Amino acid sequence: MATPKELSDFLAAVERRAFKQTAYAVRDDHAALDIVQDAMMKLAEKYGDHPAGEFPMLFQRILQNTMRDFWRRQKVRNLWTTLLSSFGGNDAEGEDRDPLETIDVEDDSDEPSAQLARSQTIQLIERALEKLPARQREAFVLRYWEEMDVAETAEIMGCSDGSVKTHCSRAVHALAIELKKQGLDKLGLSNAIFSK
Amino acid sequence: MNMHKDNMKNEKNINLMDDNAASNLMVEEQIARNIVELLNNRTQHLSMAEEQRLSVARNLAVNRLAGLQAQAAGDGGINQGGHVLSWFGRHVGQYFEQHRVMSAALVVIAMLLTFFAVQQFGFNNNLENSDAFLLASDLPPEAYADKGFVAWLDTN
């Protein structure tokens, strides 16, 4: 059984990453903070009697499920909004957007690309991450950011190892392509990825 | 001889493809590492409000765990789930703790069954007493069903 100190240490170590990951997924900082808090409470209430070593996997699974719950609620709310606005005759274009579906790549040609400072690069990466399809982003975050192996990532995502590899590969390609638009050499990345 | 050469060529091609795949994988991982390094850097620069909110959330979770553990310790190890049904085992207790509606429904059903059982027992008991009274009486049982006899008893 984990002690409160072990839980506190674990949460302190992951809370910032969890918040940013959630914010990229739901695109709303306040909602992301709520989701992270919900996930923390669920971990303490339901899995507090588990050893601290199991916390990373459990927390990630809870976090991903809480995000999915949020999207489902959003979807239902958007449906009602669309229905009501259609009665009112308002233009509700874009409100029925399903975050679970593939997100289209938008044109970022208005971004400054001549001198890409570090903070701007991070912003670009954040935006590129937000644009990724949900499953690709989930795979990338778990596999590379949370440093989980393929099997662990597959278990959390509920898919096969092969799917995880595919999602990860596509995510990295999409991110790399998005970054290349803004000057890849600033990141010190190889161009070999584009020669495939 | 030609077949042997073809085989060698195929093997070389396969090796080249494997090398390419491994090389691509390495490049992908390198890109991912660089991106993650930047993202990690970003997480160190949250706003004060965000940091405070995360800290509050963490403290709430830790206090919740501490409260649950204190409650479990206070129950003396017998009632770890904080529920009477934990006497049937820890997992049973946890089940009923997590499914409060089901627990409440079970308690109501048990109360109703007890009520009906008591009612039934009381009804049977009354029947037995009536039968015993009639059999032990000086008058035959038909006399009590005779309205004329009851009227005669009242007038006398």
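Student: In which loop of chain A is E147(A) found?
Tutor: This is a predicted model, in which local features need a pLDDT of at least 70 and side-chain atom pairs count only at pLDDT 80 or more, while totals for chains, interfaces and linings use all residues. Residues are numbered from 1 along each chain as its sequence is written, and chains are lettered from A and ligands numbered from 1 in the order in which they are written. Helices (H or I, at least four residues) and strands (E, at least two) are DSSP runs numbered from the N terminus, and in these terms E147(A) is found in the loop between α5 and α6 of chain A.

Student: Is E147(A) buried or exposed?
Tutor: A residue is buried if 20 or more other C-beta atoms, placed from the backbone, lie within 10 Å of its own, exposed if 12 or fewer do, and partly exposed in between. E147(A) has 10 other C-beta atoms within 10 Å, and it is therefore exposed.

Student: What is the value of phi in E147(A)?
Tutor: E147(A) is a residue other than glycine, and its phi is positive. The value of phi in E147(A) is near 55°.

Student: Where does R27(A) lie, and what is its phi?
Tutor: R27(A) lies in the loop between α1 and α2 of chain A. With 12 other C-beta atoms within 10 Å, R27(A) is exposed. Its phi is positive in a residue other than glycine, with a value near 60°.

Student: At what angle do the axes of α5(A) and α6(A) cross?
Tutor: Axes are lines fitted to C-alpha atoms, for helices over the stretch in contact, and angles run from 0 to 180 degrees between N-to-C directions. The axes of helix α5 (residues 134-145) and helix α6 (residues 150-157) of chain A come within 9 Å of each other and cross at roughly 140°.

Student: Which word describes how α5(A) lies to α6(A)?
Tutor: Angles under 35 degrees count as roughly parallel, over 145 as roughly antiparallel, 65 to 115 as roughly perpendicular and the rest as oblique. The angle of roughly 140° therefore makes α5(A) in its relation to α6(A) oblique.

Student: Which residues of α6(A) make the contact with α5(A)?
Tutor: Two residues are in contact if their C-beta atoms, placed from the backbone, lie within 7 Å. On the side of α5(A), the contact is made by E138(A), A139(A), L142(A) and R143(A). On the side of α6(A), it is made by V150(A), T153(A), I156(A) and M157(A).

Student: How do α5(A) and α7(A) lie to each other?
Tutor: The axes of α5(A) and helix α7 (residues 161-180) of chain A come within 8 Å and cross at roughly 95°. The two helices α5(A) and α7(A) are therefore, to each other, roughly perpendicular.

Student: How many nonpolar residues are in the contact of α1(A) with α2(A)?
Tutor: Helix α1 (residues 4-26) and helix α2 (residues 29-47) of chain A pack at an angle of about 145°, with their axes 9 Å apart. Ala, Val, Leu, Ile, Met, Phe, Trp, Tyr, Cys and Pro count as nonpolar, Asp, Glu, Lys and Arg as charged, and the others, Gly among them, as polar. Beside one polar and two charged residues, the number of nonpolar residues in the contact of α1(A) with α2(A) is 13.

Student: Which residues touch the most other members of the largest nonpolar core?
Tutor: A nonpolar core is a set of buried Ala, Val, Leu, Ile, Met, Phe, Trp, Tyr and Cys residues joined through C-beta atoms within 7 Å. V36(A) has contacts in both chains, including F19(A) and L54(B). Of the 55 residues in the largest core, those that touch the most other members are V36(A) and A61(B).

Student: Which element of chain B gives the largest share of the side that touches chain A?
Tutor: The contact takes 27 residues from chain B and 36 residues from chain A. On the side of chain B, the elements that give two or more residues are α1 (2-43) and α2 (48-74). The largest share, 14 residues, comes from α1(B).

Student: Which residues of chain B does I122(A) touch?
Tutor: I122(A) is found in helix α4 (residues 118-131) of chain A, and with 16 other C-beta atoms within 10 Å it is partly exposed. Not counting residues up to four places away in sequence, I122(A) touches L38(B), N41(B) and R42(B).

Student: What percentage of the residues in chain B is buried?
Tutor: Chain B has six helices and zero strands, whereas chain A has seven helices and zero strands. Buried residues make up 33% of the 196 residues in chain A. For the 156 residues in chain B, the buried percentage is 11%.
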